[in-house]
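This report walks through a two-chain model.

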Amino acid sequence: MAEGDLTKPTAAATGLLISSGEVSSDEILEAWIERAAGDDLNAYLWRATGEQAQNGVEGSGSGPLAGVPVAIKDIFCTQGVPTTAASKILQGYLPPYDATAVSRLAKAGMPMLGKMNMDEFAMGSSNENSAYGPALNPWDRGRVPGGSSGGSAAAVAGGLAPWALGTDTGGSIRQPAALCGIVGLKPTYGSISRYGMIAFASSLDQCGPITRDVTDAALLLGVLEGRDEMDSTSVGISGGISSPSASDLSGLVFGVPVGLLGEGVEPGVRAVFDATLDRISSLGGKIEEIDLPHAGHGISAYYVLAPAEASTNLSRYDGVRYGSRAPSSGLVDMYEQTRSAGFGPEVKRRIMLGTYALSSGYYDAYYGRAQRVRTMIVRDFESAFADVDFVVTPTSPSVAFRLGEKTEDPWTMYLNDLFTVPMSLAGIPAISIPAGLAPPAGGGPDLPVGFQIAAPAFREQKLLEAAFALESAIGFDGSPARIP
Amino acid sequence: MSQGASSGGGTAGATADGYEAVIGLEIHVQLSTETKMFCGCRLSFGDEPNIHTCPICLGHPGVLPVPNRRAIEFGLLIAAALDCEVAPRSIFHRKNYFYPDNPKAYQISQFDIPLASDGRLNEVRIHRAHLEEDAAKMIHVGTSGRIQGSDASLVDFNRAGTPLVEIVTEPDLRSGAQVREWGQLLRATIKQLGVSDVNMEEGSLRCDANVSIRPVGSSELGTKTEMKNMNSFRYLERGVEAEIERQKQLLSAGGRVVQETLHFDPSSGELHSLRSKEESHDYRYLPEPDLVPLAPTPEMLEAAAESLPELPAARASRYRDELGIPEAAAQLLSFETEWADFFEGVLAHDEGVEPRVVANWVTGEFAAELRRQGDQELSRSKVSADSLGSLISMVAVGRISHASGKSVLESMVAEGADPRQVVEEQGLEQISDSGELEKIVKSAIEANPGPAEQVRSGNQKAIGALVGAVMKETRGRADGGEVNRLLKKHLDL
């Protein structure tokens, strides 16, 4: 096979090339390191040399994924490798340990290509909140790749990494995957260990695959899922995950929450969504209108709960033990200077929001009420799943927007998560697959549109089967983004 | 063995001038598990700083807590010993505050649903008992010894994450003395469970007292002050008494008690106000999302109930009611586990000796001799329960006199001597042959005609000189009663 072609196959196909002996894992790694070195999307915050990439990797040459490199969102702790969560406050921080997800990948024989750009502490929907500048959308470098796993998605879509590890708290895997025309899967809360994943909102954070296709997503999930004794909230997926193979959707019912889709969806996005519903019908699936009466309050509840948890999770960055410490006089001043200089504006906004929401006298009005809304959304999905197999929505109300377009108004930015947040609050699995192209609202070349499918908790296999059948039928061509 | 516990239950709470004190305690107990509450680091005391640490107890990014099963079992034991109700699902919370000894900037503790509640230990009700983690230890370099004005502050994270059970009482205590006595009972109880070293000087047991006063007969609570972290119950007693007195004088003079945290300096007897930062503290409690609810299985609850040993309070009543030991001695023995174990060892040596006699020897002569020789620690004593038992037996059956017994005890405490050997070597065995003793009595009368005549003419006191003469001759080996009887017989009385 010609040298330049080594980065073209999907991760699954690359694994086959290596295990069949057609190509060596060294050749594959070299090709990808070269691709990563040409990063013109600001996708990487740190790139590994060949030797660094192999650090801690076991069983090279055995197993279906051995030798397939992977890019890691910079929110995962990697022993001795800079880990910043795209924040200045962790500049220079070298974790003394590996996240469980990272060591699982190493155990499967997968070298680490590098650490990927993201919104600071995963707070954002555009990657513009990175202390190291935004990653760019490979479809249009003037546009955002989405966030918070923007670097991971940009790299996979732009052919700078075969696949990547992301995290999703309110849509941070699915939305960037949608905006970059690739696949992003947020598994059920508790299916993959959170140990070593820098916490943003602990009751919502979940790690997952960002890949070119559904088969790769299934493969990566299969490696990652499982109970981890270091994470008391992890349980794994019983039965594990196998490669999906479904070719039709007969007998399956897809619920469309019409109330939720009422406003704010770009016409182009809506058109692709409707066309995808038609395609589901043509594959034998049934479309039903459903009601998720409280899902519309998801954003409001989310932006109380997530900042509340974030405000306590981020308190440990105090300059005492690691990370940056600003020059100061005395203890309180050290806290103030270090945190003022170390955190960016969006992180500060959420810390303040969350601190307020947890304050004595306000707890019940904000945090308590948001928790009750969350419980209602959980029940909404439970009753929906009594009638339908899946709930489907557009992943994002819009295609990729221009850099700077939404930075002035946090609420407009938060509305990006309108369709992804309810699933996060309910803890259920959801996947975004590219469903087609649509023109952006302000004009310009067509951009990818994501289609989101959500399933009941721990029904990832069923979800992947449906996504696989639909993906095959759609036949989305992501190559324009990957070949500059 | 501590003195003073013999003053009985709670002393009267009402003070002479019409106020009564209302006191509640908060006790932190460090559990003596192998490892920390939420990570695998070893527990330690006095080791080189920061060697028992890991990413979890240092609060690194991305780490998660995993509860220590043993700590939960210890917590359940304490709950059972304090007769508490155990919550079917208790919840861990984050208690948020910034301080360098708090690596995550939140302490994992329990808040609205604690592990255990509604218990009792003797006369004091237990409000709640919950699990949490200890903070790191700070050392402030410079003259002040406090963080303000120090040249530098060092943090030792060896202690960070040590499992704690915090026990909160209802405000059922009424005096400093009662605080000390009940505190000692609680300490003895927890020690008996084997779940903590309960060493106040090393901080494995820490006690804060909330003190307020109110007019006698009132059911309202006055404004309380909090006395922090005294390193002995004796100091706590003095501190509480001093604070009660201070509040009394304040109120009597028409003043008001201000809610504050106080420190009592035992050397000067003075109370100092610490910073009142706690008053304005908002801990922003949040249910800990990294942990699932703590739901003890029926097996765990059963195991705790089954492994409950006889506790000091029950032991004290058994000593009193079944063994006939006076209240004071019963408490003295049972509130300190090692003394109780020692006592029972002595008791087991010879079942023929009355328990109250054994108790008298152990809490009286033996404890006094340990003190006299300057070492009160039973654990360092050279006297085994068995050897003390054989000494008491020899006295009880009249083989040696009580006076000889005390002198033998002296060499036992000093050198760990075997009492039988001492009795034999020194020829202390009482003269049991009355023929031999009779001879000595006769010759004593002959040798002391003056006193003998005085006795005959009615001066009973003069017999002392004759007894002394017999004792001198027998080197104390004669039974006093027998000597008296024989003297009277030969003086024709």
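Is A:Met376 buried, partly exposed or exposed? A:Met376 is partly exposed, because 17 other C-beta atoms lie within 10 Å. The cut-offs are these: 20 or more other C-beta atoms within 10 Å make a residue buried, 12 or fewer make it exposed, and anything in between is partly exposed, with C-beta atoms placed from the backbone.

The model is predicted; local features need pLDDT of at least 70, side-chain atom pairs count only at pLDDT 80 or more, and totals for chains, interfaces and linings use all residues. Residues are numbered from 1 along each chain as its sequence is written, while chains are lettered from A and ligands numbered from 1 in the order in which they are written.

A:Met376 sits in helix 12 (residues 364–385) of chain A. Its C-alpha atom is 9.4 Å from that of A:Leu292, 84 residues away along the chain. Helices (H or I, at least four residues) and strands (E, at least two) are DSSP runs, numbered from the N terminus.

**The sheet of chain A**

Chain A has an open, mixed sheet of 11 strands, ordered 1-3-2-4-6-5-10-11-9-7-8. Two strands pair if DSSP finds at least two bridges between them. Strand 1 (44–47) and strand 8 (286–290) of chain A are the edges, each pairing on one side only. Ignoring direction, neighbouring strands are turned by 30° against each other on average. Angles elsewhere run from 0 to 180 degrees between N-to-C directions; axes are lines fitted to C-alpha atoms, for helices over the stretch in contact.

A:Tyr44 has A:Met116 as its bridge partner in strand 3 of chain A. Helix 5 (residues 150–157) of chain A packs on this sheet and touches several strands, including strand 1 and strand 4 (164–168) of chain A. Its direction makes about 145° with that of strand 4 of chain A. Contact requires C-beta atoms, placed from the backbone, within 7 Å.

Strand 9 (residues 390–394) of chain A is largely enclosed by the rest of the structure, because 5 of its 5 residues are buried. Strand 9 of chain A pairs with strand 7 (residues 253–257) of chain A in the parallel sense, over 2 bridges. There, A:Gly255 has A:Val391 as bridge partner. Strand 9 of chain A also pairs with strand 11 (residues 447–454) of chain A, antiparallel over 4 bridges. A:Pro394 is bridged to A:Phe451.

**The sheet of chain B**

Chain B has an open sheet of 9 strands with mixed pairing, in the order 2-5-6-9-1-10-11-12-13. Strand 2 (85–86) and strand 13 (270–273) of chain B have a single partner strand each, so one side of each lacks a neighbour in the sheet. Helix 2 (residues 176–193) of chain B packs on the sheet, touching strand 1 (19–30) of chain B among others, and its direction makes about 20° with that of strand 1 of chain B. Strand 11 (residues 225–230) and strand 12 (residues 261–265) of chain B run parallel, joined by 2 bridges. B:Met227 has B:Leu262 as its bridge partner.

B:Arg214 belongs to strand 10 (residues 205–215) of chain B. It counts as partly exposed because it has 18 C-beta neighbours inside 10 Å. Beyond its neighbours within four places in sequence, B:Arg214 contacts B:Tyr19, B:Glu20, B:Val22, B:Glu220, B:Leu221 and B:Gly222.

**Helix pairs**

| Pair | Angle | Axis separation |
|---|---|---|
| Helix 7 (residues 214–224) and helix 15 (residues 460–474) of chain A | roughly 160° | within 9 Å |
| Helix 13 (residues 434–447) and helix 15 (residues 463–474) of chain B | about 125° | 9 Å |

The angle makes helix 7 of chain A roughly antiparallel to helix 15 of chain A. Helix 13 of chain B is oblique to helix 15 of chain B. Angles under 35 degrees count as roughly parallel, over 145 as roughly antiparallel, 65 to 115 as roughly perpendicular and the rest as oblique.

The chain A crossing of helix 7 and helix 15 is left-handed, whereas helix 13 and helix 15 of chain B cross right-handed. Left-handed means the near helix is turned anticlockwise from the far one by less than a right angle; right-handed means clockwise.

**Between the chains**

The contact takes 34 residues from chain A and 25 residues from chain B. The chain B side has 16 nonpolar, 4 polar and 5 charged residues. Ala, Val, Leu, Ile, Met, Phe, Trp, Tyr, Cys and Pro count as nonpolar; Asp, Glu, Lys and Arg as charged; the others, Gly among them, as polar.

Note on methods. Contact = placed C-beta atoms within 7 Å.
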